Amino acid sequence: MPQQPYDVIVVGSGAGGATAALVLVDAGARVLLLEAGRMLTPATDFLSHEMPWDLRFRGEGPPGAYDGLWKINEYTAHLYTNPREDTYDALDRFHWTRLRAVGGRTNTWGRSCFRHGPLDFKPASRQGYGDDWPLDYDELAPYYDKVERLVGLAGQSDRYPNMPDGIYAGPPHPWRCTERDLKAACDRIGVPVLGERTAALSVPHDGRPKCHYCSGCGRGCPVGARFSTLDAIIPKLQGRPTFTLRTHAVAREVLVDDRGHARGVSFIDAVTRKEEEVHGRAVVLAASTVETGRLLLNSRSRQHPAGLANSSGRIGHHLMDTIKSGPMVGILPSWRNRPRVNDDGAGGSHATIPRFNYDRTNGYHGGYFILIGTGFGRGATATSGIPGYGASLKEEIHSRYGSVLSLRGYGESLSRYENRFDIDPGRTDAFGIPQVRFTCGHGDNERRMMEDMYGWMERILRACDAEILPYSKRLEPLGDATHECGTARMGLDAKTSVLNRWGQAHDVPNLFVTDASGFVTSPGTHGITTWIMALAWRASEYLAEGLRTGDIG
Amino acid sequence: MTTISRRTVLALLSAGIAHTHLEAAAAAVLAWRQAPAAYVPAFFTAAEHHLLDVLTELILPATPRSPGAHAAGVADFVDLVVAHSTPETQQAWRRELLALDDEARRAGGTHFTALADHGRRRVLDALSAEEAHPATDAVRAFVRVKQATIDGFYSSAIGLRQELGYLGPQMLAEFKGCV
């Protein structure tokens, strides 16, 4: 058999894929990293410092273009795949946010890095619902350590229940005055407020500069002060003889040999539109949860008629996302007409309200965070509902600016077989690749949790003496939090799960998945990126050892 | 738009560029910037655009702290947005603005823009009294223009920086938090 040029083909350069590539190359493997999108140039691709009037439509884009699509706007639309252009069924039930470029969604992520605790891995045996992960926190903790040393967190030890402290490169970003006020109010009603643990650097780290506090992180960081695989991993790989990055490579199918083992990947070059094949001893998929599942379902063969590694029939099922409530907004009288200060900070709030419902009697399973919006931002806040016009209207808006506290719940959604995607027989994408369709929605547990979220948000705003603006209780569609996961889940039983405890397919020993597809539960914290990376690191070490001994590939 | 930033000027000075040359360069840049072309509406007629301009300035007028919607070019921005809206939205704008002007003629005997200030206010006061429950196109026009004025004004430099006092984004060496 001729010598293959690559040991491993990795699909996707985001959190899961770039981490896998780094660990594998460091272990001596020859890696080809396929990325469907282009290389980005931070200085010109990230409009972090632009103001609304710098853009033709003041950041909103042409009317209707991005309404209701969180994260996609005039500043970022050139990075994302717009679901209104690359369509699927059904946008109203699942917001599918795709960023095809080197670094994937780590370019624009929310940067929260809370570890998932021992209880989060064992909901069935320790909390009485769902399924246990086939590994526990102690097994993953050393990999969280490795990931956090690479990522570089701003944070501090809190000793908070079931939220293990991490390794922090620098101190947390200091609180704004409004965040201190909120903490004082929450203390009175027994609600905890912690500092954010964020991947926006408070000290220089790993050759990257510290944050310069422009608050534009959500559009990408032009200097790499927030972690992305584009800034922090790809440069460690480029130029190494055992690493090849192929951009514009849109994976179509995982190819199999006579035994049904993975032998490579076929992809379409997005520029030439030509189909190509690449071969390796093993394949790692980290194309993002839905793309990985789609790729597996589209990889049908004689040996795998229902899609690759799908003897369980579970691929595409158990679709989860962090559930996200609508906002509750209060105006704090004591904050009106505050002297203006630069409140921008490290993008978003520096404080957060962690899951605080552990020892309460709840009518639902799982838990949630409440996220905070506060400060003098790049736009007028709470301008609706003010009667009249003229100088009085202008004065009221001036008075409200910076006096607003906005809260939103982010919580765990339960894994349910019926929440799923499958291949749509009637639709292909721009490359002719069969598209997915979504059949999913929120369940009773999510709705009960939502009621609890709104109850606590109201209690918190009342404790702040806020005037609460009219709101309606709602959950955003699944996918909106961009934490989709679970559709090729890990498990001990090959009949009910797709991957084993190493992220290795039960059916295909040389196929690994290192994105959030493998999640058994969704997080009751916000943020899943370092969870993905820790699992990817562990899986990749296992794969590298298998390649070395010849047990794999 | 080209501007010479303070940092650039300092860099030029430190590089030994003669002060007189700098002044000449800055004056040339300034002269170049001071000749903006008059905005030509892409959707609204000249009369509609004028009505819109007058309405937006009444809704968010110049006050001691900052200029108003007219100086911020709000009507121009609204025209751009409406020009890119659906035909249904465009028709609604046109129909409702016409209804508002009809209201002015009924109450004041002439076009809204031809009314004196107190006449304009009488019309807007009556429409504003109904804004929570709009039942006519004239009231809907008020609600629509008001929202568009807020959106356009506070996304302008005059609205966000001068009026609200937003101080960023700055490149800070340190973020001190609450001090």
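Start with A:Thr198, which sits in the loop between strand S3 (194-195) and helix H7 (229-232) of chain A. Helices (H or I, at least four residues) and strands (E, at least two) here are DSSP runs, numbered from the N terminus. A word on the source: this is a predicted model, where local features need pLDDT of at least 70 and side-chain atom pairs count only at pLDDT 80 or more, while totals for chains, interfaces and linings use all residues. Residues are numbered from 1 along each chain as its sequence is written, chains are lettered from A and ligands numbered from 1 in the order in which they are written, and side-chain values use heavy atoms, with hydrogens and water left out.

Back to A:Thr198: buried or exposed? A:Thr198 is buried, at 9% relative accessible area. Buried means under 20% relative accessible area, exposed over 50%, and partly exposed in between, with a 1.4 Å probe and protein chains only. Leaving aside residues up to four places away in sequence, A:Thr198 touches A:Arg111, A:Gly152, A:Leu153, A:Ala154 and A:His173, contact being heavy atoms within 4.5 Å. The A:Thr198 side chain also reaches the backbone oxygen of A:Arg111, at 3.3 Å.

Next, A:Asp26, in helix H1 (residues 15-26) of chain A. Its side chain makes a polar contact with the side chain of A:Arg240, at 2.8 Å. A polar contact is a pair of N or O atoms within 3.5 Å; within protein, one must be able to donate a hydrogen and the other to accept it, and residues adjacent in sequence count only if both atoms are side-chain atoms.

Now the backbone. Most residues other than glycine have a negative phi, and most peptide bonds are trans. In chain A, the peptide bond from A:Asp89 to A:Ala90 is cis, with omega near 15 degrees. A:Ala90 lies in the loop between helix H2 (42-45) and helix H3 (118-121). In chain B, a cis bond joins B:Gly168 and B:Pro169, with omega about -15 degrees; B:Pro169 is in the segment after helix H8 (157-164).

Phi is positive, near 50 degrees, at A:Arg159, and also near 50 degrees at A:Ala382. A:Arg159 is in the loop between helix H5 (137-151) and H6 and is exposed, at 77% relative accessibility. A:Ala382 is in the loop between strand S12 (368-373) and H10 and is buried, at 18%.

On to the interface. How many residues of chain A are in contact with chain B? The count is 44, against 49 residues of chain B. The area buried between the chains is about 3,800 Å², with carbon and sulfur atoms giving 64%; buried area is the accessible area (1.4 Å probe) that two parts lose on being put together, summed over both. In chain A, A:Arg58, A:Tyr389 and A:Lys394 lose the most area to chain B, together 23% of what that side buries.

There is 1 salt bridge between the chains, a salt bridge being a side-chain nitrogen of Lys or Arg within 4 Å of a carboxyl oxygen of Asp or Glu. B:Arg65 forms a salt bridge with A:Glu395, with the closest N and O atoms 3.0 Å apart. Helix H10 (391-400) of chain A is one of the elements giving two or more residues to the side that touches chain B, and H10(A) gives the most, with 6 residues.

Last, chain B itself has 8 helices and 0 strands, and buried residues make up 41% of its 179 residues.
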